[in-house]
Amino acid sequence: MKRKDTVKLISADEMEFVIDKDAVMVSQTIRNLLTSPGGFAETKLGEVTFPEISAVILERICQYFYWALQYSRGKETEFHIEPELTLELMMAANYLHT
Amino acid sequence: MNERKTIDLEQGWEFMQKGITKLKNILEGLPEPQFSSEDYMMLYTTIYNMCTQKPPHDYSQQLYDKYRESFEEYITSTVLPSLREKHDEFMLRELVKRWSNHKVMVRWLSRFFHYLDRYFIARRSLPPLNEVGLTCFRELVYQELNAKVRDAVISLIDQEREGEQIDRALLKNVLYIFVEIGMGQMDYYENDFEATMLKDTAAYYSRKAANWIVDDSCPDYMLKSEECLKCEKDRVSHYLHSSSEPKLLEKVQHELLSVWETRLLDKEHSGCHALLRDDKVDDLSRMFRLFSKIPRGLDPISSIFKQHVTAEGTALVKQAEDAASTKKADKKDVVGMQEQVFVRKVIELHDKYLAYVNDCFQNHTLFHKALKEAFEVFCNKGVVGSSSAELLATFCDNILKKGGSEKLSDEAIEETLEKVVKLLAYISDKDLFAEFYRKKLARRLLFDKSANDDHERSILTKLKQQCGGQFTSKMEGMVTDLTLARENQASFEEYLSNNPNANPGIDLTVTVLTTGFWPSYKSFDLNLPAEMVKCVEVFRDFYQTKTKHRKLTWIYSLGTCNLIGKFEPKMMELIVTTYQASALLLFNSSDRLSYSEIMTQLNLTDDDVIRLLHSLSCAKYKILNKEPSTKTISPTDHFEFNSKFTDKMRRIKVTF
């Protein structure tokens, strides 16, 4: 897998998730970050840290990204959300604009 | 993210301020490390949190205001002072740089503050962050400086017009600011820059034109104008906005061309008249190209063109008249030559100026019209008493008949006929032409003088196309009649071989014509010699077998006869008209006859008898001896058969 096509998402508790760039672009916030002018030293490496999102939530969010991609390509399945995660997940979604 | 600490406005803003300052430093070119993604997220998160906190700590409104204030502060403290202290080209460069920076700043800050766009702004229908940012620049920088900028740009444009090199890329960028600042509207560009630029352009070219019109000839002036228009067009493509092109070109055209058109065209030695006179095709083409873009710019040109062609045509008419009047009146063929030459020259004139209309004037209807009107004026003038209709008919006759004065190849004939038909369009009295043409056609057909059947048919087709079927129906009938007559003759000969008693003993050829088609011929009751009377009866009987409903009227004046004359020196064959033959055959039964006897026996008028006898006794071949042998016929003359008559040829044609 090419380096360029992936992005690393790091949670508050320092868990790392390596995700395809396509998937990550589902989040408007992350998309803005990666396409900002001026260029970051680190966008080239493609790492983003989220000091306020826990690993559990971040994991679920990554799964959501992939599901969203599939859905947009025609595979209409359901995305199940465990009730106890709902609030945090919603807030994270709001934050990430996704 | 469960228990978030409430961020206080002061605190939060302090943190944001650090980020903003970092951004400013980067833009100013100060040594400052780039933003890391962590920095970015922190800034974004701070805003996010401050907006999602519970009231009264929900600071969306304040953050929105502070966003705007950040720009205002930066502009007033740093950007404006740096621009104010510079001038002209340096100021323009600084402006371009500052604008570029500003756009970057807007992009960054609006990303950080993005959360506001999503809810706060949407809910209250406020201007979005992007717009707020650009508006700050417009209200603070643009408003103050746009006039200065505009003047600096126009000054550079004028320098370039005078031949200096300028930085085109710079101008392009500056003018693009005018466009971008409108955020989709062209108003700023048009009102704050374009209007003044156009005025300045008009003034510039007005000055130039005033000088050039005095010093330069018409072709030179036009060359310069064309050059200027090219340059301005070039200017647009390099740094002006494309929407300026039509307006700019219109201004230049107005100042250089519209204003001075009359004076330019009327220049004595180089104006339109002179160019036409000297066949300056390139200059005329240029003139057309330039003036076709101006409303009603072509009218004066087409009018001068028309005058010129009319004058040339009228001169040809005068030339022909003069040439004809200097020749002796009785040299008929020489006079005829002049008329032929005249028609040829008119055709050439037409060709020449039609080419002008097609090439220089790009087939424009205005010029076609001018050409047509010009030709109509002089084509309807007669020459030496002959109307133009007659001249054209004679011209055609010369081409189509055997031994005509025009010796041309088949192609050349077709071409010439085509052109003659075109000229016919200009003649007002087309019916007169038809009459003359018909008369001459009849002569060609009846006396077998037509050189080529295909050409005859071809010109009829062309005439039909030009003037309609009605025009040519009779002529076509005439040509068809001849074909039918040949068939008829063939069946007559068959009839004779089947009925040997009916044979009159003389070879007879009859051409049957349909009355309506042919010109009217007077038929006189000529007293035919007995032999011929029999012929007439035989044919009449034959014709009755074919149709019972037609009446035959005999036109003896058109007939020809081959006689064998037994003269003492030798026998000779004489080709004469039926009238002449009838007169000569009288001398088979009498040696000597008087004028009145001949007249009574033949039953002709005085005019015909005089003419007849003249051709036989006073002209080239004296077949009859006249007493007294004067040069003219009088009613008291007597005539005898001239047995001593001879000629070196065995076969002669005696003209009537």
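Begin with chain B, where the crossing of helices α15(B) and α17(B) is right-handed, a crossing being right-handed if the near helix is turned clockwise from the far one by less than a right angle, and left-handed if anticlockwise. This is a predicted model, in which local features need pLDDT of at least 70 and side-chain atom pairs count only at pLDDT 80 or more, whereas totals for chains, interfaces and linings use all residues. Residues are numbered from 1 along each chain as its sequence is written, chains are lettered from A and ligands numbered from 1 in the order in which they are written, and side-chain values use heavy atoms, with hydrogens and water left out.

Select residues 298-326 of chain B for α15 and residues 365-379 of chain B for α17; the two pack at an angle of about 25 degrees, with their axes 8 Å apart. Helices here are DSSP runs (H or I, at least four residues), and strands are runs of E with at least two. The axes are lines fitted to C-alpha atoms, for helices over the stretch in contact, with angles from 0 to 180 degrees between N-to-C directions. α15(B) and α17(B) are therefore roughly parallel to each other, a term for angles under 35 degrees.

Now select residues 218-238 of chain B, helix α10, which has 21 residues and reaches 30 Å from its first C-alpha to its last, close to the 30 Å expected at 1.5 Å a residue. Its buried residues (under 20% relative accessible area, with a 1.4 Å probe and protein chains only) include B:C218, B:Y221, B:L229 and B:R235. To see what covers the buried residues of α10(B), display elements including α7 (129-161), α9 (187-215) and α11 (244-258) of chain B.

Finish with chain A, which has four helices and three strands, running β-β-α-α-β-α-α from the N terminus on. Buried residues make up 41% of the 98 residues in chain A. Among contacts in chain A between residues at least 6 apart in sequence, 63% join residues at least 24 apart.

Technical notes
Parallel < 35°, antiparallel > 145°, perpendicular 65-115°, else oblique. Expected span 1.5 Å × (residues − 1). Buried < 20%, exposed > 50% of the residue type's maximum accessible area, 1.4 Å probe, protein only. Contact = heavy atoms within 4.5 Å.
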